[in-house]
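Me: Hello! I am new to this structure and would like to understand the words used for its charged side chains. Could you take me through them step by step?

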Amino acid sequence: MVITSKSNPLIKTVISLSDKKFRKQLGLYLVEGLKPVKECLAAGCEVEKIICTPEHEAMFPNAVIVSESVFKSISGEKTPQGVLAVVKLPETELKPPENCSLLLDCVQDPGNLGTVIRTANAAGYNEIYLINCTDAYSPKAVRASMSGIFFVNVYCGSREEVLNALSGVPLICADMDGEDIFSFNPPEKFCLCIGNEGGGISKEVKSCAAHTVKIPMQSTCESLNAAVSAGIAMYALKNNLKSNKR
């Protein structure tokens, strides 16, 4: 049976998951695209339903099949691939990190957030703390994470809650007033803090910092994109740790 009506209750539910309020209320989020859905399944995420067009029916035998026009109505892509998964939001309670971690303070752009998550997964920062950030499980952030969201633990909380969870862990804040990150010797375990795209790290988080580091830049450049800064900083600190062990 192929669903051909956009008024179908399931289709209405899927459309509602573009809104953070309904993602939170239903405990679900969306993953779209053939490769992301396959990686989501391979990662062991709790997939509630797979929705696809008839051309992918053989690949996903238990999927809900919808017409091309219905799929376009639920897709967030300009050129839909015809495969989408409805996935259960992971239940993660705030807790102290086990290894080197990342704190994002008021990062508001979902593309930036997703890119940071993608890089964090690649660089081995598997615990990511969010304070007043955009939703990591929005379709745009999930898409930008390039499946990285499936392999990290994302913790959200108030500034006080997150800082309490990180109590005892040295915070390393990325800020233009810090010391050169490429010559900085980080502690064995730390939490790297990256701030808002325009305003940087909040004074509350900065006041808790054990160290402040900067990425040196030419005078013709005022600042770097938050995701780019986070990527450089994550790899620089891990590289410095390895160098210290030699």
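Reply: Happy to. By the rule used here, the count comes to six salt bridges. Please keep in mind that this is a predicted model.

Me: What makes the pair Glu 46 and Lys 88 a salt bridge?

Reply: Their side chains meet with N and O 4.0 Å apart. A salt bridge asks for a Lys or Arg side-chain nitrogen within 4 Å of a carboxyl oxygen of Asp or Glu, so the pair is counted. Glu 46 sits in the loop between α3 (34-42) and β3 (47-52), while Lys 88 belongs to strand β5 (residues 83-88), and the two are 42 residues apart.

Me: Why is Lys 88 called partly exposed?

Reply: Lys 88 has a relative accessible area of 32%. Buried means under 20% and exposed over 50%, so Lys 88 falls in between.

Me: How do you know that Arg 159 forms a salt bridge with Asp 105?

Reply: The closest N and O atoms of Arg 159 and Asp 105 are 3.2 Å apart. The cut-off is 4 Å, so this pair qualifies. Arg 159 and Asp 105 are both buried.

Me: What about Lys 206 and Asp 175: what makes them a salt bridge?

Reply: Here the N to O distance is 3.1 Å, and the limit is 4 Å, so Lys 206 and Asp 175 count as a salt bridge. The pair links helix α8 (residues 203-206), which holds Lys 206, with strand β9 (residues 171-180), which holds Asp 175.

Me: Why is Asp 175 called buried and Lys 206 partly exposed?

Reply: Asp 175 has a relative accessible area of 16%, and buried means under 20%, so Asp 175 is buried. Lys 206 has 35%, which lies between 20% and 50%, so Lys 206 is partly exposed.

Me: How do you know that Glu 32 has no salt bridge?

Reply: Glu 32, in strand β2 (residues 28-32), is buried, and its nearest side chain of opposite charge, Arg 143, is 5.3 Å away. The cut-off is 4 Å, so no salt bridge is counted for Glu 32.

Me: What does the side chain of Glu 32 reach instead?

Reply: It reaches the backbone nitrogen of Gly 76 at 3.0 Å. A polar contact of 2.4 Å also joins the side chains of Glu 32 and Ser 75.

Technical notes. Residues are numbered from 1 along each chain as its sequence is written. This is a predicted model: local features need pLDDT of at least 70, side-chain atom pairs count only at pLDDT 80 or more; totals for chains, interfaces and linings use all residues. Side-chain values use heavy atoms; hydrogens and water are left out. Helices (H or I, at least four residues) and strands (E, at least two) are DSSP runs, numbered from the N terminus. Buried means under 20% relative accessible area, exposed over 50%, partly exposed in between (1.4 Å probe, protein chains only). Lys and Arg count as positive and Asp and Glu as negative; His and the chain ends are not counted. A polar contact is a pair of N or O atoms within 3.5 Å; within protein, one must be able to donate a hydrogen and the other to accept it, and residues adjacent in sequence count only if both atoms are side-chain atoms.
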